[in-house]
Every structure is written in structure tokens, then in C-alpha cells.
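Here is a walk through one structure, taken a piece at a time. Keep the viewer open and follow along.

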Amino acid sequence: MTEEKTEVRVQDDLYQYVNGDFVQKARIPADHSSVGGFITLRDNVEKTMLKEFKALARGRKSNDPLVDKAVLLYEKAMEDDERKKEGFAYVQKKLSYLDQWKTVDDVVDFLPYFYDNNIPLPFEIGVDADMKDTSRHIVLVTAPSIILPDTTYYGKEAGKKLLSVYQDMAEKILSRFYKERKAKKIVKDALAFDKLLSTLVKSQEELADYIKSYNPVETETLVEQMAPLKMRSFLRVRYGVLPKKVIVMEPRYFEGFSTVFNERTVSLYLGWAKTKVALSFAPYLSEELRDLSGIFGRTLSGQKKGATKDKFAYRLANRYFGGPVGVYYGRKYFGKQAKEDVIQIVKDLIETYKNRLSKNTWLSPETRRKAIFKLDKIVLKIGYPERNDPLYSFLAFDPESSLAEIVDTLNRERGRYSDRLLSEPVDRSLWGMDAHLVNACYNPCSNDITFPAAILQAPFYDIHQKKEENYGGIGTVIGHEISHAFDNNGAQMDEFGNINNWWTKKDYETFRVKTQAMIEQFDNLPLAGGKVNGKLVVSENIADNGGVASSLETMERNIENPDYQSFFLNFARIWCSKARPEYTRLLLSIDVHSPAYYRADMQVRNFPQFYKAFSVKEGDGMFLPEDKRVIIW
């Protein structure tokens with residue numbers, strides 16, 4: 001067993017035993033809200049790629065015109081304030097345009113123009129895969145985002161303080177474009193409109209159940225709900241045709257749309273739109289305004305200062321050209337041997353899942369057979385894609401324009417490209433995650449799992465570390481992503497990613513009982529003055545649970561007399577994190593993942609191998625009575 005420098009017994013607190021020394025001594029950088037684990041790896045990748053960008057900016061060849069676009073955008077963001085100030089006139093023109101309009105008819109008449117010019121609308125619209133037929137695209141309509149992280153903040157003292165910070169920041173930024181009194185009035189209207197939105201939009205807990213976001217309605221029904229907006233003509237302008245149906249993701253909002261947007265509230269909406277425009281462009285106008293526009297976000301996360309100029313420039317380039325940048329990273333820094341090794345681990349874990357399902361005692365043969373069939377159809381995306389999304393070739397900008405205009409142009413071009421997809425089939429080969437991200441994902445709409453090159457490094461994975469450590473690291477992450485195919489959301493989708501009930505009624509009811517047990521196991525666990533919301537995090541907890549179970553069994557199948565201690569110690573190590581209290585409380589409200597501390601400490605208590613590995617007994621801090629333990633998959 002690895003000797004850890006801590007006074008805490010592993011039998012009482014696995015997380016503290018493994019990570020306590022780091023948590024005690026680590027210092028969170030001023031421009032960070034947390035440090036450790038994922039963040040350390042992310043920082044290392046960013047340092048590597050920043051060096052690449054600086055070398056490419058000095059003239060080194062990338063041999064990829066799309067990467068060259070990213071570097072060009074990076075260079076624009078690195079320009080001095082004198083050049084960036086050219087964007088003030090561009091933003092002022094947008095705001096002056098909005099100043100002309102006073103009535104609902106004004107907004108209605110120019111709705112397509114608003115959309116095409118990135119002026120926030122009292123709704124959001126886009127194109128994505130149809131969750132009932134994921135081979136085709138469909139139009140989705142949803143509510144605008146609110147200022148505070150979640151509806152639960154509104155009316156509480158913490159929410160009032162945050163809105164005060166936002167108000168002060170917004171007024172200072174708007175004062176660069178209007179006289180102070182006018183700026184205050186605009187922001188006041190924006191806050192009033194946001195309050196209206198907050199009464200109708202979904203909470204983060206509601207959004208976590210994303211199957212309930214699929215609400216197909218006849219287009220004519222939406223047109224009636226959104227009167228007096230001329231949605232029929234708007235849709236024809238955007239898509240060239242009038243769709244027969246659209247997906248309404250937030251029915252409550254559109255049922256109450258007339259209370260949000262009418263002649264009495266249109267001035268509030270226009271104030272909200274002006275505020276959103278000014279704040280969205282502020283980072284591209286000067287370093288002073290970039291810092292000022294980040295105050296609200298830093299207050300939420302506890303960060304002491306914003307990113308350095310070069311990090312800001314690099315991250316901006318990634319926002320628009322992340323795919324090509326990831327391919328560049330993958331080709332240069334990801335080894336073929338590592339890719340082959342990880343693919344084998346994935347295949348082993350899928351095989352383990354099949355074995356576990358075939359021996360499952362609570363599923364009927366019919367449901368087991370369909371679950372195994374879904375596993376057989378999972379598509380693996382490991383390392384980096386062989387080709388880039390066609391979107392990146394579509395994106396273009398004039399390097400002689402101001403940074404503000406360039407960003408506006410790129411947003412417009414992305415929107416237009418997305419609109420074109422409505423008439424095209426879904427391309428399932430595209431990756432939903434860039435290769436230089438320290439992350440992984442399961443896409444329920446295409447039944448595929450993605451493991452970017454950047455996460456395939458220690459402590460998650462290292463070809464030179466013990467196999468048991470790799471199983472406790474990347475093995476559990478791989479098992480986690482596979483398990484999303486059978487979490488409370490994924491379980492409602494078939495092998496092609498379509499919403500489709502492939503369960504017997506009895507089996508699904510049993511699954512719901514087990515899901516409820518997982519909710520209760522985590523619900524109300526205390527941390528940083530807040531509590532875990534079991535419903536919010538249940539899908540990720542089901543995935544964590546399945547990840548540990550499947551990786552443990554895969555290890556047992558492939559290693560004779562495995563070192564269980566190494567498995568569990570590295571599992572705890574990958575969740576090592578030290579976060580600012582503000583950030584921890586924020587994540588408790590909005591993150592569908594459990595806090596890192598409980599991802600390590602709670603999940604392992606469900607598995608008998610953990611108790612045996614460390615001789616955990618009743619009375620120890622890590623002990624959980626058998627009737628409270630949950631293993632779903």
C-alpha cells in the first residue's frame with residue numbers, strides 16, 4: 001500500500017487519507033476557483049498549447065489552415081488596447097440601433113435582423129438531432145438564460161447580493177456607451193426583465209432530467225403561444241421552410257410567454273438586450289473592460305483575478321476553433337501505443353458490462369437482451385478525430401476588422417451554419433468534445449463514448465503505472481461513460497440514441513426504485529455550508545457507481561490476485577481537488593456531478609472489495625450498513 005502523508009485513517013476517510021496533505025498545503029492560484037486533479041492536467045495542457053500558439057504566431061508552420069485561423073484569432077486578441085478600441089464604434093452602432101425601437105411592433109418587424117446580428121431575443125432557437133429520430137435534425141426552441149446560476153437563488157439573500165454585484169458591473173460598462181443616468185435605467189430594466197424570466201424558466205434540477213426537454217408541438221401552437229411575435233415568418237426566413245413541428249424544451253415558459261413579452265414589458269426586454277450586448281462585447285474592447293466584465297463571474301466562483309491576456313486569447317481561439325486545435329494536439333502529443341492500450345481497456349469494460357448484464361438478477365431476459373444489444377452498438381471515439389467538423393471550414397473572418405466585429409462575425413457564421421443543418425442528416429461521426437480537453441463524455445443521442453487524448457495521462461492513465469491504478473483511474477472513467485447509457489436519462493434511449501422504451505414495465509419500476517436509493521444515498525450530504533441535491537446529481541452518481549463496479553470486475557478478470565488497495569487509492573486520487581468555498585457552493589446548485597469529495601468517499605462504500613481491502617468495520621467512518629449500499633449495474 002502506498003504510504004500517504006496524513007493523520008487520517010483510510011478506514012475513516014478515504015478521500016482525506018489520499019488527498020488530505022495536498023488539500024492542506026495547496027494554494028489556489030488567483031485566477032483559479034479550484035486546483036488539483038482535472039484542473040492540474042488542464043493547466044498543463046494549456047501551458048503546452050500556449051507555447052505552441054506563441055511559436056506558430058512567430059511564424060512556425062502548423063500545416064493546417066484551420067489551426068492557422070485559430071492562431072490568427074489568438075493574435076487579434078493579443079493586440080494592444082489601441083487597436084481593440086476600434087470595436088467601440090461597432091458596439092455603439094448595435095446599441096444605437098436598439099435605441100430606435102420602443103414598441104412590440106418595432107421588435108416584431110426586425111426579428112430576423114435581431115437574430116442574425118446576435119441581439120438577444122426573448123427566446124433561444126437552434127437546430128439539433130431529433131431525440132425521437134436522431135438521424136435527422138429538428139428545430140429546438142427554449143427560454144433565454146437568467147442572470148443568476150439557478151432559479152433557487154432568486155428571493156434569497158445570496159441572490160440579492162449577487163444581483164447587486166451584477167448591477168454595479170453592468171452600470172459601469174453601460175456608462176461607457178450612455179450617460180450615467182441612462183445606463184442605470186437600462187440596467188434596472190434588464191434586472192426587471194430577468195426577474196420575469198426567473199419565474200418561468202426551469203431550475204437546474206429540472207434541466208437535469210433532459211428527456212423531459214423533448215416536447216414536440218405543432219408549429220402553429222408555438223406561433224399562437226408566442227404572439228404577437230410573427231414566428232411563422234421568422235421561421236421561414238431562418239430555415240427557408242416552415243417546419244411542421246418544433247421541440248419546445250421549456251413548455252412552462254412558452255405557455256406564459258405573453259406575461260414576459262408584451263407592450264408593458266417590451267421596454268424591459270430592450271433594456272435587457274442592450275445590457276446583454278454591452279456585457280458580451282466588453283472583453284473585446286480593452287483590458288480594463290475585460291477585467292470589469294469578469295467581476296460577476298469571479299464573485300460566483302471566488303476567483304481573485306481574471307485570466308492573463310495570453311490565456312484569454314488562447315481560450316478565445318479555442319472557443320471558435322477548438323476542434324482543429326484538439327486534432328493538432330492529439331497528432332503531436334498522443335501516442336499510438338497509448339491509444340491501442342486504452343481501446344483494449346474500453347473493449348474489456350464493455351465485455352464486462354455484457355457479462356454483468358447477462359448475470360443480472362433483477363432484469364428480465366427480454367430487457368437484458370436489449371441492454372446488451374445497446375452495448376454492442378456503442379461507438380468508440382478515442383484520442384482525436386481523423387477529420388474536422390465541416391463547421392470550421394465554414395467559419396471565416398477579416399483579420400483587419402476589430403476583435404469585437406470578428407467575434408460577432410464568427411457567432412453569426414456559426415448560427416447560419418447551424419441553420420443549414422436542418423435539411424441535412426445528422427453526421428454521427430462528429431466528435432462532441434475536443435481532443436485537448438481533460439474530460440470524457442457519452443452522447444445519448446448517438447450512443448457513443450469519447451475519450452479525448454488529454455485525459456489519457458496520469459493519474460487517470462499511464463502506461464508505466466500499475467494496471468490496478470489504471471483500472472482505478474481511467475477504467476472507472478470509461479465505465480462511468482458506458483454507464484451513462486443506462487442512467488436515468490440514457491435508460492430511456494435505444495441503441496441509436498432515440499427516445500424509446502425498451503424495458504418491461506416491471507423492470508423499469510425496479511430500476512426506478514434503485515435510482516431512488518441512489519438519490520437518497522447522496523441527498524443532503526453537507527459541504528461548504530450547503531448540501532448535495534440528490535436529484536440533481538443522480539445521473540452522474542449512477543454512472544460513477546457503474547464505473548467502479550465494471551472496472552473492478554474487469555480488473556479481477558484480467559489480473560490474478562489484484563491489488564485492490566492500489567485501485568481504490570488511485571480512484572480517490574483522480575478526484576483530488578481543493579476549491580474556493582464560493583465555487584463549491586455554486587457547484588452544489590448547478591453541477592450535475594457530486595462534489596469530488598463524495599465522488600470518492602461515498603461510492604466506494606457500496607463495494608465489498610473496499611471493505612476487504614482496508615479491513616473497514618462497523619464503527620469506522622467509511623462503514624455503510626449493507627442495507628444502505630447501492631449497486632445498480
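How are α9 and α15 oriented relative to each other: roughly parallel or roughly perpendicular? Before the answer, a reminder that this is a predicted model. Helix α9 covers residues 180-198 and helix α15 covers residues 266-281, and their axes cross at roughly 110° and come within 7 Å. The two helices are therefore roughly perpendicular to each other. On the α9 side the meeting residues are I186, V187, D189, A190, A192, F193, L196 and L197. Their counterparts in α15 are S267, L268, Y269, G271, W272, K274 and T275.

The other helix pair to look at is α3 (residues 65-77) with α18, where the packing angle is about 170° and the axes lie 8 Å apart. That angle makes α3 roughly antiparallel to α18. From α3, the contact takes in L66, V67, K69, A70, L73, Y74 and A77.

| Helix pair | Angle | Axis distance |
|---|---|---|
| α3 and α18 | about 170° | 8 Å apart |
| α9 and α15 | roughly 110° | within 7 Å |

**The nonpolar cores**

The largest nonpolar core has 193 residues, and the members that touch the most others are F123, Y269 and W633. Which helix gives the most to this core? That would be α18 (residues 309-333), with 11 residues. Leaving aside residues up to four places away in sequence, Y269 touches V107, F114, P120, L121, P122, F193 and F261. One of these, F193, is also among the α9 residues that meet α15. Another core, of 9 residues, lies apart from the largest one, and I138, Y214, I247 and M493 are among its members.

Now for some strands. Three of them form an open sheet in the order β6-β8-β7, and the pairing is mixed. The edges are taken by β6 (379-383) and β7 (441-443); each has a single partner strand, so one side of each has no neighbour in the sheet. From one strand to the next, the twist averages 15°. Helix α19 (residues 336-358) packs on this sheet, where it touches β6 and β8, and its direction makes about 150° with that of β6.

The pairing goes like this. β6 runs parallel to β8, with 5 bridges between them, while β7 pairs with β8 (residues 448-452) in the antiparallel sense over 3 bridges. In the β7 and β8 hairpin, 4 residues lie between the strands, and N447 takes a positive phi near 50°.

Is β8 largely enclosed or largely open? Of its 5 residues, 5 are buried, so the rest of the structure largely encloses β8. Side chains in a regular strand alternate between the two faces of the sheet. In β8, D448, T450 and P452 point one way, I449 and F451 point the other way, and all are buried.

**Cysteines**

How many disulfides does the structure hold? The count is 0. Take C445: the closest cysteine sulfur belongs to C441 and is 12 Å away, which is too far for a bond. As for C576, its relative accessible area is 9%, so this cysteine is buried.

Where is V45 found? This valine sits in helix α2 (residues 38-57). Its relative accessibility is 4%, so V45 counts as buried. Beyond residues up to four places away in sequence, V45 touches Y329, H436, V438, A454 and Q457. The chain also brings V45 and Y333 together across 288 residues of sequence, with 10.0 Å between their C-alpha atoms.

E82 belongs to helix α4 (residues 81-84). At 57% relative accessibility, this glutamate is exposed. From E82 to R599 there are 517 residues along the sequence and 48 Å in space, C-alpha to C-alpha.

Technical notes
Residues numbered from 1 in each chain as written. Predicted model: local features only at pLDDT ≥ 70, side-chain atom pairs only at ≥ 80, totals over all residues. Heavy atoms only, no water. Disulfide = S-S within 2.5 Å. Buried < 20%, exposed > 50% of the residue type's maximum accessible area, 1.4 Å probe, protein only. Pairing = 2+ DSSP bridges. Axes fitted to C-alpha atoms, helices over the stretch in contact; angles between N-to-C directions. Contact = heavy atoms within 4.5 Å. Core = buried A, V, L, I, M, F, W, Y, C linked by side-chain atoms within 4.5 Å. Parallel < 35°, antiparallel > 145°, perpendicular 65-115°, else oblique.
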